[in-house]
There are 2 protein chains.
Amino acid sequence: MEINEILNWRYATKKMTGAKVPQNKIDIIVKSVQLAPTSVGFQAFHLYVIEDEALRQTIFEKSCQQTQVVEGSHLLVFAARTEITDAEVDNYMNLVATTRNIPVESLNGYKGMVASFKQKTEQEYFDWTARQAYIAFSFALVAAAVENVDATPIEGFSPPVMDEILGLKEKGLKSVVLIALGYRDEANDKLAHAPKVRKPISELVTVI
Amino acid sequence: MEINEILNWRYATKKMTGAKVPQNKIDIIVKSVQLAPTSVGFQAFHLYVIEDEALRQTIFEKSCQQTQVVEGSHLLVFAARTEITDAEVDNYMNLVATTRNIPVESLNGYKGMVASFKQKTEQEYFDWTARQAYIAFSFALVAAAVENVDATPIEGFSPPVMDEILGLKEKGLKSVVLIALGYRDEANDKLAHAPKVRKPISELVTVI
């Protein structure tokens with residue numbers, strides 16, 4: 001496959017038809033989120049896959065007035081961790097040890113590195129976890145395009161209201177970015193056939 | 001193609017052979033960076049593609065002690081904008097108008113939205129542009145994997161030293177994340193055949 005043909009096909013869909021994205025394609029997109037790399041492998045984020053119509057309607061009314069939230073069939077909410085706990089670090093080390101069949105004690109140096117994130121302030125930690133969530137979000141955008149599923153990446157929403165709706169604060173999470181998944185309404189989306197606007201490579205990139 | 005087979009093939013390569021990534025593959029990866037979506041389409045980042053060996057050696061010695069910087073053939077440095085200027089907003093509006101063949105005056109509402117980012121503090125603006133740079137960085141990681149090019153995503157470096165080496169401050173940029181591109185040294189990289197460590201989907205994802 002030509003990756004850039006696929007990336008050129010995708011666009012931030014403005015109008016969706018309401019057609020439902022099949023479960024096998026949702027599974028592929030979710031799997032790409034799981035496979036996304038994160039700093040030190042810590043995956044300090046959580047993904048909410050919201051299919052429930054009533055909940056998407058509530059989100060549309062209260063947190064995000066973009067119609068794709070309800071015109072799509074699934075809403076992905078990427079939430080980043082706001083805190084790091086000892087239990088979380090221990091669980092992760094056990095996961096590494098189990099997956100690679102090595103003694104957990106052999107990971108003490110690595111554990112020290114991960115645990116050192118506890119020295120960050122809450123804001124610094126969240127800035128870092130939010131960036132990790134953006135990697136997962138980006139992988140989901142590419143996976144959706146590969147599967148010919150349309151997607152609208154959304155930063156324009158109220159995170160505090162979203163956090164309230166999903167009860168994220170109690171879980172040590174904050175919502176950072178969304179994707180509405182569905183199918184483009186080619187007849188009614190003015191942007192469906194608009195040329196993509198991008199800075200020329202000569203302006204965006206410096207080769208040394 | 002099976003996107004998740006490709007994402008499973010990639011890993012944060014620890015040891016590279018020194019073999020050179022061909023220019024046509026670099027071009028594909030750079031193109032994916034150009035095609036990466038950004039909030040309001042503003043692309044407030046810059047990509048440095050560093051092939052020069054002496055410069056990579058300097059970066060290795062002074063900013064990033066990871067051997068892939070010199071064992072790979074190319075280093076990508078993603079830098080995010082620290083400020084927003086009127087000229088930048090005007091240039092962008094002209095780019096949209098020219099690309100879509102519409103009068104620039106028809107974009108006044110859109111322009112107001114983009115210009116409203118000037119109300120952000122410098123820290124808020126950089127937090128936002130850094131996230132956009134992470135989208136481009138993520139797209140480059142996927143494009144490299146599709147092209148069977150190995151990549152090491154790197155957060156562990158000194159951004160102030162990198163900024164000094166590349167003269168980024170004068171350009172209103174700060175380095176945020178790197179990718180070393182090259183080819184895995186299968187015989188000597190212990191992680192080349194290690195199973196990928198990922199949280200189970202049941203823990204990472206909630207379906208509603």
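Me: What makes the strands 3(A)-4(A)-2(A)-1(A)-5(B) an open sheet?

Reply: In this predicted model, five strands stand in that order, with mixed pairing. Strand 3 (150–154) of chain A and strand 5 of chain B stand at the edges with a single partner strand each, so one side of each has no neighbour in the sheet. Neighbouring strands are turned by 20° against each other on average, direction ignored.

Me: How do you know that strand 2 and strand 4 of chain A pair, and in which sense?

Reply: Pairing requires at least two bridges. Strand 2 (residues 74–81) and strand 4 (residues 173–182) of chain A are joined by eight bridges, in the antiparallel sense. Leu75(A), for instance, has Ala180(A) in strand 4 of chain A as its bridge partner.

Me: Which strands does helix 8 of chain A lie across, and at what angle to strand 4 of chain A?

Reply: Helix 8 (residues 159–166) of chain A lies across strand 1 (45–50), strand 2 and strand 4 of chain A. The angle between helix 8 and strand 4 of chain A is about 90°.

Me: Which elements make up chain A, and in what pattern?

Reply: Chain A has nine helices and five strands. Along the sequence the pattern is α-α-β-α-α-β-α-α-α-β-α-β-α-β.

Me: Which strands form the sheet that includes strand 5 of chain A, and what makes this sheet open?

Reply: The order is 5(A)-1(B)-2(B)-4(B)-3(B), five strands with mixed pairing. Strand 5 (205–207) of chain A and strand 3 (150–154) of chain B are the edges, each with a single partner strand, so each has one side without a neighbour in the sheet. The twist averages 20° from one strand to the next.

Me: How do you know that strand 5 of chain A pairs with strand 1 of chain B?

Reply: Three bridges connect strand 5 of chain A and strand 1 of chain B, in the parallel sense. At least two are needed, so the two strands count as paired. Thr206(A) has Tyr48(B) as its bridge partner.

Me: How many bridges join strand 3 of chain B to strand 4 of chain B, and do they run parallel or antiparallel?

Reply: There are five bridges, and strand 3 of chain B runs antiparallel to strand 4 (residues 173–182) of chain B. Pro153(B) stands opposite Ile179(B) in strand 4 of chain B.

Me: Why is the pair Glu71(A) and Lys15(A) called a salt bridge?

Reply: The N to O distance between the two side chains is 3.2 Å. The cut-off is a Lys or Arg nitrogen within 4 Å of an Asp or Glu carboxyl oxygen, so the pair qualifies. Glu71(A) is in helix 4 (residues 68–71) of chain A and Lys15(A) in the loop between helix 1 (3–9) and helix 2 (23–35) of chain A, 56 residues apart. Over all chains, the search finds 14 salt bridges.

Me: How many salt bridges and polar contacts are counted between chain B and chain A?

Reply: The count of salt bridges is zero. There are 40 residue pairs in polar contact, both residues at pLDDT 80 or more. Helix 7 of chain B supplies the largest share of the side of chain B that touches chain A, with 15 residues. That side has 42 nonpolar, 11 polar and 12 charged residues.

Me: What area do chain B and chain A bury between them, and how many residues take part in the contact?

Reply: About 6100 Å² is buried, 64% of it on carbon and sulfur atoms. The contact takes 65 residues from chain B and 65 residues from chain A.

Terms used: Residues numbered from 1 in each chain as written. Chains lettered and ligands numbered in written order. Predicted model: local features only at pLDDT ≥ 70, side-chain atom pairs only at ≥ 80, totals over all residues. Heavy atoms only, no water. Helix = DSSP H or I, 4+ residues; strand = E, 2+ residues; numbered from the N terminus. Axes fitted to C-alpha atoms, helices over the stretch in contact; angles between N-to-C directions. Contact = heavy atoms within 4.5 Å. Buried area = accessible area lost by both parts, 1.4 Å probe. Polar contact = N/O pair within 3.5 Å; in protein donor to acceptor, adjacent residues only side chain to side chain. Nonpolar A, V, L, I, M, F, W, Y, C, P; charged D, E, K, R; others polar.
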